[in-house]
Amino acid sequence: CMTFPVSGRRRAVTPGIKKLCRRLDARHSDLLLGYDVESLHQLRVTLRRIRSLLRNDDSSEGHDLRHDLGKLAATTNDARDWDTLVIGARENLGSQKFRLVQPWLEDRQVASHGYVLDMLRSRQWSDVMHDLKKFVRRSGQAFGGATHTDAGLLQAKQDVHLAWCKVQSVD
């Protein structure tokens, strides 16, 4: 009894990534209109979710996209750190102590925002988003736009086949 590989790992990620790409576009636009701590946080969450879904894709293209998205996300780390530090200082120091450190903290916070905004306007961002959308289009077209259900059916087909092989080997 021969076994056969279950392909379709890429197909299983496409529907989730499509929705997250739209969310990523919205956060990108929000941040370019005016930096907002929550918009940055949501952008980071969305990047992390896309990268997590791409982990299910075994292609070199999926691996490269995960890497490139990770580089973009890393650019936002300092800004998120400064944002949370300023919020925490404002909440925990008391108004008098906070006023003493506020100018210093906010100068560094604003500088870190500049790096994020530069990245969002960069060629690197545009290229990675182009590659991501191309990946999603091609993934959706492969095998007629398969979905999570199709990947599940492929796995079930393999499981049934393996069980049938075991039954035949017992006879």
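In the predicted model, the protein is built from seven helices and has zero strands. Its pattern, followed along the sequence, is accordingly written α-α-α-α-α-α-α. The protein has 171 residues, of which 35% count as buried.

Helix 2 takes part in two of the packing arrangements described here, one with helix 3 and one with helix 4. The axes of helix 2 and helix 3, the latter formed by residues 60-75, come within 9 Å and cross at roughly 160°. Because an angle over 145 degrees counts as roughly antiparallel, helix 2 is placed in that class relative to helix 3. The crossing in which helix 2 passes helix 3 is left-handed. On the side of helix 2, the residues involved are Arg44, Leu47, Ile50, Arg51 and Leu54, and these meet Gly62, Leu65, Arg66, Leu69, Gly70 and Ala73 in helix 3. Sorted by class, this contact between helix 2 and helix 3 has six nonpolar, two polar and three charged residues.

Helix 2, which spans residues 37-54, also packs against helix 4, which spans residues 77-92, at an angle of about 135° and with the two axes 11 Å apart. Helix 2 and helix 4 are therefore oblique to each other, and helix 2 passes helix 4 in a crossing that is left-handed. Val37, Leu40, His41 and Arg44 of helix 2 make this contact together with Asn77, Ala79, Arg80, Asp83 and Ile87 of helix 4. Its residues comprise four nonpolar, two polar and three charged ones. Arg44 of helix 2 is listed in the contact with helix 4 and also in the contact with helix 3.

Helix 4 in turn packs with helix 5, formed by residues 95-120, at an angle of about 160°, and their axes are 8 Å apart. These two helices are therefore roughly antiparallel to each other, and the passage of helix 4 across helix 5 is again described as a left-handed crossing. Helix 4 contributes Asp78, Ala79, Trp82, Asp83, Leu85, Val86, Ala89 and Arg90, which meet residues of helix 5 including Phe98, Trp104, Leu105, Glu106, Arg108, His113 and Val116. The residues of this contact divide into nine nonpolar, four polar and five charged. Ala79 and Asp83 of helix 4 are found both in this contact with helix 5 and in the contact with helix 2.

Two individual residues were also examined. His28 lies in helix 1, which covers residues 9-33, and its relative accessible area is 16%; because buried means under 20%, His28 falls in the buried class. Apart from neighbours within four places in sequence, His28 is in contact with Leu43, Leu120 and Trp125. Asp127, by contrast, belongs to helix 6, made up of residues 123-141, and counts as partly exposed because its relative accessibility is 34%. Asp127 and Asp68 are 59 residues apart along the chain, and their C-alpha atoms are separated by 9.7 Å.

Definitions and conventions. Residues numbered from 1 in each chain as written. Predicted model: local features only at pLDDT ≥ 70, side-chain atom pairs only at ≥ 80, totals over all residues. Heavy atoms only, no water. Helix = DSSP H or I, 4+ residues; strand = E, 2+ residues; numbered from the N terminus. Buried < 20%, exposed > 50% of the residue type's maximum accessible area, 1.4 Å probe, protein only. Axes fitted to C-alpha atoms, helices over the stretch in contact; angles between N-to-C directions. Parallel < 35°, antiparallel > 145°, perpendicular 65-115°, else oblique. Left-handed = near helix turned anticlockwise from the far one by under 90°. Contact = heavy atoms within 4.5 Å. Nonpolar A, V, L, I, M, F, W, Y, C, P; charged D, E, K, R; others polar.
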